[in-house]
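Subject: Two-chain model for your files

Dear colleague,

I am passing on the structure we spoke about, and below it you will find my notes on what came out of going through it. Please read them with the model open beside you.

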Amino acid sequence: MKTLTVSVVTPDGPVLEDDFDMVSCKSENGELGVLPGHIPLVAPLSISAVRLKRENDVTLLAVNGGFLEVQPEKITILAQSAEKPSDIDVERAKKAEERAKQRLQSKQDNVDFHRAELALKRALNRINVTQ
Amino acid sequence: MASLRDIKGRIESTEKTKKITKAMEMVSASKMGRAEQNAKGFVPYSEKLKEVVSSIAQSNTDVSHPMLQKRDVKKTGYFVITSDRGLAGAYNGNVLRHFHQTIQKRHQSADEYTVIVVGRVGYEFCKKRNLPIAKSILGVADQPDFADIKELASETVQMYSDEEIDELYIFYNHYVSAISQKVTTTQLLPITNIQSGSGVATQYEYEPNQEQILEVLLPQYAESLIYGALLDGKASEHAARMTAMKSASDNAEELIDDLSLSYNRARQAAITQEITEIIGGVAALE
């Protein structure tokens with residue numbers, strides 16, 4: 001069976017490079033599944049989990065921002081941060097979630113609101129991936 | 001000639017200084033190793049980003065985005081990367097001198113530019129000369145994460161999008177090798193030079209479309225350039241400090257040699273004098 005080489009790169013260095021059967025992720029327009037032999041594609045990713053499938057195993061990655069670059073045999077995910085479940089500090093994520101929620105409730109100006117929303121998304125994404 | 005005790009005191013104090021500079025040299029050497037690795041780890045990310053950006057820019061000429069277009073310059077932004085601490089030889093001096101000369105050459109009044117500064121040395125330099133500081137960040141870690149600089153980088157890029165500044169230059173020390181760092185100035189925004197070296201660009205499908213991808217991609221690209229410069233600057237900082245401390249240790253070594261020589265001379269002179277006195281005393285008794 002054909003496989004895809006997936007490499008995940010962040011500014012702090014490569015996170016993962018391995019072969020998988022299928023990649024599914026959430027782009028800004030919705031769910032996107034990529035199998036080997038896909039035409040070249042570029043799509044921005046939302047703050048979400050990327051699922052990497054190999055036979056019956058599924059590896060999850062919490063991805064924050066960035067985009068996906070597909071070539072027939074190779075996928076590159078460029079993100080500002082990408083973490084494996086084992087690298088996530090759940091306590092910290094929960095605290096960040098609390099903080100973001102408080103900020104959202106206090107309702108000040110718009111910029112703060114937008115940032116808090118993003119922070120909340122990131123925190124929830126991290127928590128979801130670990131569960 | 002100084003007394004024996006004076007010389008001995010000086011030898012001891014120089015010895016102590018040497019110990020400190022030697023330790024700092026070794027600390028900087030290990031920090032430099034890590035900083036160099038960080039900078040290398042960042043390369044795949046920036047290369048890939050550049051590749052995609054350039055392939056979009058090349059594939060379609062009618063793609064437009066404010067970050068790709070030159071506009072009339074009313075205000076220039078300067079992003080200056082310095083260190084928080086001194087004792088790094090000419091590291092800060094070089095960047096700041098070059099930066100200050102550029103400003104004086106290009107601008108008549110302080111309204112025409114604004115400065116974004118990293119590091120305490122640069123911050124104090126600007127404060128002292130009353131240069132307008134828009135943003136600053138002090139106390140950047142020795143091995144900075146992307147998260148440390150993310151906020152400053154995106155705010156800087158935002159300033160460009162909001163038309164607060166119309167172009168952005170970055171000043172930093174480029175790491176050439178452990179013994180050589182070069183002051184580098186790059187124009188960051190608008191992004192002009194994005195032809196990738198590989199030549200043939202892949203034709204991509206864009207989901208949803210090119211404009212929206214550029215919307216996401218270009219700020220990320222600009223931020224990554226800033227982060228790259230910071231990593232490069234950090235590696236240079238540690239290298240510069242290592243070299244400075246090495247020459248300080250060498251100088252201390254030399255000084256100790258000189259002092260030991262004069263210490264021995266003084267000791268010998270004292271002994272000779274004592275003998276002369278004894279002989280003189282004996283002669284007087286006979």
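I begin with Leu60(A), which is partly exposed at a relative accessible area of 23%; here buried means under 20% relative accessible area, exposed over 50%, and partly exposed in between, with a 1.4 Å probe and protein chains only. This leucine sits in strand β7 of chain A, residues 57-64, where helices (H or I, at least four residues) and strands (E, at least two) are DSSP runs numbered from the N terminus. Its C-alpha atom is separated by 17 Å from that of Ala93(A), which is 33 residues apart from Leu60(A) along the chain.

A word on conventions: this is a predicted model, in which local features need pLDDT of at least 70 and side-chain atom pairs count only at pLDDT 80 or more, while totals for chains, interfaces and linings use all residues. Residues are numbered from 1 along each chain as its sequence is written, chains are lettered from A and ligands numbered from 1 in the order in which they are written, and side-chain values use heavy atoms, with hydrogens and water left out.

Chain A

The secondary structure of chain A comprises two helices and 10 strands, and from the N terminus on the order is β-β-β-β-β-β-β-β-β-β-α-α. Its C-alpha trace spans about 55 × 25 × 25 Å along the principal axes, and buried residues account for 46% of the 131 residues.

On the surface, Arg92(A), Lys95(A), Arg99(A) and Arg103(A) gather in a patch of positive charge. Patches are built from residues with over 30% relative accessible area and no salt bridge, like charges being joined within 9 Å and nonpolar side chains (Val, Leu, Ile, Met, Phe, Trp, Tyr) within 5 Å; the areas come from the Shrake-Rupley method with a 1.4 Å probe, and for residues only the protein chains shown count as cover. Lys and Arg count as positive and Asp and Glu as negative, with His and the chain ends not counted, and a charge is placed at NZ of Lys, CZ of Arg, CG of Asp or CD of Glu.

Chain B

Chain B has five helices and six strands, running α-β-α-β-α-β-α-β-β-β-α from the N terminus on. Its radius of gyration, taken over C-alpha atoms, is 28 Å, whereas a compact globule of 286 residues would have one near 19 Å, the globule rule being 2.2 Å times the number of residues to the power 0.38. The C-alpha trace of chain B spans about 115 × 40 × 30 Å along its principal axes, and 42% of its 286 residues are buried.

Ile271(B), Ile275(B) and Ile279(B) make a nonpolar surface patch of about 280 Å². Of these, Ile275(B) is found in helix α5, residues 210-285, and is partly exposed at 46% relative accessibility. Elsewhere, Leu87(B) lies in the loop between β1 (76-81) and α2 (91-106) and is exposed, with a relative accessible area of 58%.

Salt bridges

Taking a salt bridge as a side-chain nitrogen of Lys or Arg within 4 Å of a carboxyl oxygen of Asp or Glu, the count over all chains is 18. One of them joins Arg126(A) to Glu83(A), with the closest N and O atoms 2.8 Å apart. Because Arg126(A) lies in helix α2 (residues 110-130) and Glu83(A) in strand β10 (residues 81-83) of chain A, the pair ties together parts that are 43 residues apart in sequence.

In chain B, Asp142(B) pairs with Lys31(B), the closest N and O atoms being 2.7 Å apart. Asp142(B) is in the loop between β3 (133-137) and α4 (146-161) and Lys31(B) in helix α1 (residues 4-59), so this bridge ties together parts 111 residues apart in sequence. Asp142(B) counts as buried at 18% relative accessibility, while Lys31(B) is partly exposed at 23%.

Glu237(B) also forms a salt bridge with Arg241(B), at 3.2 Å between the closest N and O atoms; being four residues apart in helix α5, they are separated by about one helical turn. Glu237(B) is buried at 2%, and Arg241(B) is buried at 5%. Finally, a network of salt bridges links Glu69(A), Lys48(B) and Glu51(B).
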